[in-house]
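Try each task with the structure in view before turning to its solution.

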Amino acid sequence: GFTVWGRKENSLYFSMMPAALKAIGVEGPTSHRSHFHLGDLDSLKADIAEAGFTNLKLFYTACHQPLTLEESFFTLSNIGAYSETIKALDESSVQLLKAAFEKEYTALFGEDSSDPPSFE
C-alpha cells in the first residue's frame, strides 16, 4: 500500500478507484487503513512530535502525477489496497469497473485531460 500525505478532497487521483468500485456495487477492501490517514496536518504533527521530533514544519504542496490516460490511472489504482479486490472480479466485472473508472475520471478531470482542478 501507500499513503497520501494530502487532504482527500484535494487528492482526486486516489479517490477514483473507491468511487468506481462503489458504482458497480463492489465493496473495496475493509482491512486496510485509509490512504489519507496522514492527511490531517495537526494530527500528523502530533504523531511526529510524540515520536520525539521537534521544530516541525508541515505544509501541503501540489503533486501532479505524470499520467495522461484513464488506462494509466486505472493501472496505478489497480495496485496496492485494491489489487486483491480487482483480481477477484470476473472479466465482465473488470470491464464494468473500467467503464465506471473512466466515467469518474472524466467527471473529475474533464474530457481527455490529466490536469485536475486540485491535487496534493
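**Exercise 1. Decide whether Thr85 is buried or exposed, and list its contacts that are remote in sequence.**

Solution. Thr85 has a relative accessibility of 15% and therefore counts as buried, where buried means under 20% relative accessible area, exposed over 50%, and partly exposed in between (1.4 Å probe, protein chains only). Thr85 is part of helix H4; helices (H or I, at least four residues) and strands (E, at least two) are DSSP runs, numbered from the N terminus. Once neighbours within four places in sequence are set aside, Thr85 is in contact with Leu21, Val26, Glu27, Gly28 and Pro29, contact meaning heavy atoms within 4.5 Å.

Before going on, note the basis of these values. The model is predicted, so that local features need pLDDT of at least 70 and side-chain atom pairs count only at pLDDT 80 or more, while totals for chains, interfaces and linings use all residues. Residues are numbered from 1 along each chain as its sequence is written, and side-chain values use heavy atoms, with hydrogens and water left out.

**Exercise 2. Find the salt bridge that involves Lys87, and state how its partners are placed in the helix.**

Solution. A search of the whole structure finds 1 salt bridge, defined as a side-chain nitrogen of Lys or Arg within 4 Å of a carboxyl oxygen of Asp or Glu. The side chain of Lys87 meets that of Glu84 at 3.7 Å, N to O. Because Lys87 and Glu84 are 3 residues apart in helix H4 (residues 83-87), about one helical turn separates them. An α-helix has 3.6 residues a turn, so residues three or four places apart point the same way. Both Lys87 and Glu84 are exposed.

**Exercise 3. Determine which residues of H1 are buried and how they are arranged around its axis.**

Solution. The buried residues in H1 are Met16, Met17, Ala20 and Leu21. They lie on the same side of H1, because they cover an arc of only 125° around the axis, the arc being that of the directions from the helix axis to the C-beta atoms. The face turned away from this buried side carries the exposed residues Lys22 and Ala23. After H1 comes Gly25, with a positive phi near 80°.

**Exercise 4. Describe the overall architecture of the protein chain.**

Solution. The protein chain has 5 helices and 0 strands, giving the pattern α-α-α-α-α along the sequence. Of its 120 residues, 35% count as buried. Among contacts between residues at least 6 apart in sequence, 77% join residues at least 24 apart.
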